[in-house]
Amino acid sequence: MPPPPPPTPTHTLRTHSAALTSLFFSSDNERLYAGDASGVVSVTSTRTLRPIARWKAHGDSVLGVEEWETTKQGKARRIVTHGRDNKLHVWTLPEDNAEKLREAAMQPDLPDPELLHSLDVNALNYCRFSLMSLDPSQSIEEEAFVAVPNLVESSLADVWALPTLTRPHAAIGKHNSHATHTKVVDGRGLNALGIIMSLHLFVHAPSSQLRLLCGYENGSVTLWGFDGVGTGGEDWSETLKGNIGEKGNWLGRTSIEGVGWEGLLTVKQHVESVMAMSVTRDNTLAFTVSADHLIGRYDLTRAGGSEDVTTFCTIYRTKHPGNGSIAIRDDGRVCAVGGWDGKVRLYSTKTLKHLGSLDYHKKNTQTLAFAHSVKAAPEGDSDEEDEDMTKSEKEARGRWLAAGSQDCRVSLWSLMSFEKT
């Protein structure tokens, strides 16, 4: 019996004329965001596969694009973009004119989003931002935190607040007991770990501690934790210092020069720079890839205790060196790795077993994004609430994987459920 034919993309998007650098699905899977090397950002409807908006967001390559649902102002949706022009912008989300686009014989003029906020950042690192929404019941003015590399030293990190554009935490990593500092003059700072290549800001659920996971130029990964005291802020006093119970009360408190941020764990598994990092939605697992043939798996639930480093990180050796992107599916079962050869390889997050390869792009696959999982529709359930898409179609869309390449194309793949992985 002949082997089955290789899989092919369900759809191919040719909205961009430059290499793709960033992809992101909205939380309802209705929109696919894409950014390219020329600074152009597009918003595509996943129903019509036609662009809702396309505009020049940055003067240089786009490092990251993400949809942000604000917790105030009627839960408005915003677009956050980060570019190599040292700017981070917050835009309005244009109206979805799906009906007009469906009836139009030619592509109409697309509306440009309105620029709401702009922040000067350091983009020397090629490191995209990390966005973390805040609990609206606890935060008064701030609605989200954004982690980016430090303005002066690219080996350190800053945390900014939106929409106030204030900086509650500056120079995270300045006090690093895990590294030997050496004097350099190229903007890399005094950190022997090198510049930050990837970062992820999150709250550690068991302890409610604010944490930052950083991948560095020398191939190492460091987990930073804020002690909840820092150097000032609301209700701050000297008596709080050293109080373990304050680690979860970090809202309204600030830090400068990295004071209050402790390096919980540092591991070096890659022999090359960390090229990409992805974290599961529940912030329990992280994965890193590099130019080498290794995939690093980090258990964020165990990190920060007295356990041996080997319980925090596990390294897996693949047969394919040269990896530049990684993404994890919404349910945390499957991760996709984009290679410099253009192929996308799927792995089980539990065992790192190879589940298959997607071969379409002939150039480097630089960015990947999974759609958000949708629960299966019960048998006999009607689809009257949505005339355009049935629940089964929405479920299938929830298994999409988007891959962006240097060939200026975005491929959309409809994957199986992988329930037994």
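A residue is called buried when its relative accessible area is under 20%, exposed when it is over 50%, and partly exposed in between, with a 1.4 Å probe and protein chains only. The structure described here is a predicted model, in which local features need pLDDT of at least 70 and side-chain atom pairs count only at pLDDT 80 or more, while totals for chains, interfaces and linings use all residues. Residues are numbered from 1 along each chain as its sequence is written, and side-chain values use heavy atoms, with hydrogens and water left out.

The chain holds three helices and 30 strands; these are DSSP runs numbered from the N terminus, helices being H or I of at least four residues and strands E of at least two. Of its 421 residues, 52% are buried. A contact means heavy atoms within 4.5 Å. Among contacts between residues at least 6 apart in sequence, 55% join residues at least 24 apart.

The interior may be approached through its nonpolar cores. A nonpolar core is a set of buried Ala, Val, Leu, Ile, Met, Phe, Trp, Tyr and Cys residues joined through side-chain atoms within 4.5 Å. The largest has 21 residues, and F145, L199, L201, L210 and L212 touch the most other members. Two or more residues each come from β11 (144-149), β12 (157-162), β14 (196-204), β15 (209-216) and β16 (220-226). The greatest contribution, four residues, is that of β15. Apart from this core lies another, of 15 residues, including L213, V221, L223 and F312. With neighbours within four places in sequence set aside, L199 is in contact with C127, R128, F129, S130, A147, V148, P149, A157, L212, L213, C214 and M277.

Rings of Phe, Tyr and Trp (its six-membered ring) pair if their centres lie within 6.5 Å; planes under 30 degrees apart count as stacked, over 60 as edge-to-face and the rest as tilted. The whole structure contains five such pairs. W55 and W91 form an edge-to-face pair, 5.5 Å centre to centre with 70° between the planes. Because W55 lies in strand β5 (residues 51-56) and W91 in strand β8 (residues 87-92), the pair ties together parts that are 36 residues apart in sequence. W55 counts as buried at 6% relative accessibility, and W91 counts as buried at 7%. The pair of Y298 and F312 is tilted, at 5.7 Å centre to centre and 50° between the planes. Since Y298 belongs to strand β22 (residues 294-299) and F312 to helix α2 (residues 309-312), this pair ties together parts that are 14 residues apart in sequence. Both Y298 and F312 are buried.

Burial also occurs in a loop. T70 is found between β6 (62-69) and β7 (77-83), and its relative accessibility of 3% makes T70 count as buried. Not counting residues up to four places away in sequence, T70 touches K75, A76, R78 and E143.

On a 1 Å grid over the protein atoms alone, a cavity is a set of points where a 1.4 Å probe fits but cannot get out, and lining residues have an atom within 4 Å of a point. Grid points are joined across faces, edges and corners, and a volume is the space filled by probe spheres set on the points. One cavity of 30 Å³ or more is counted, and the largest cavity has a volume of about 60 Å³. Its lining comprises 13 residues, of which L13, T15, H16, A34 and V410 lie nearest its centre.

Conventions: 1 Å grid on protein atoms, 1.4 Å probe; cavity = no way out; pocket = protein on both sides within 12 Å on 5 of 7 lines; lining within 4 Å.
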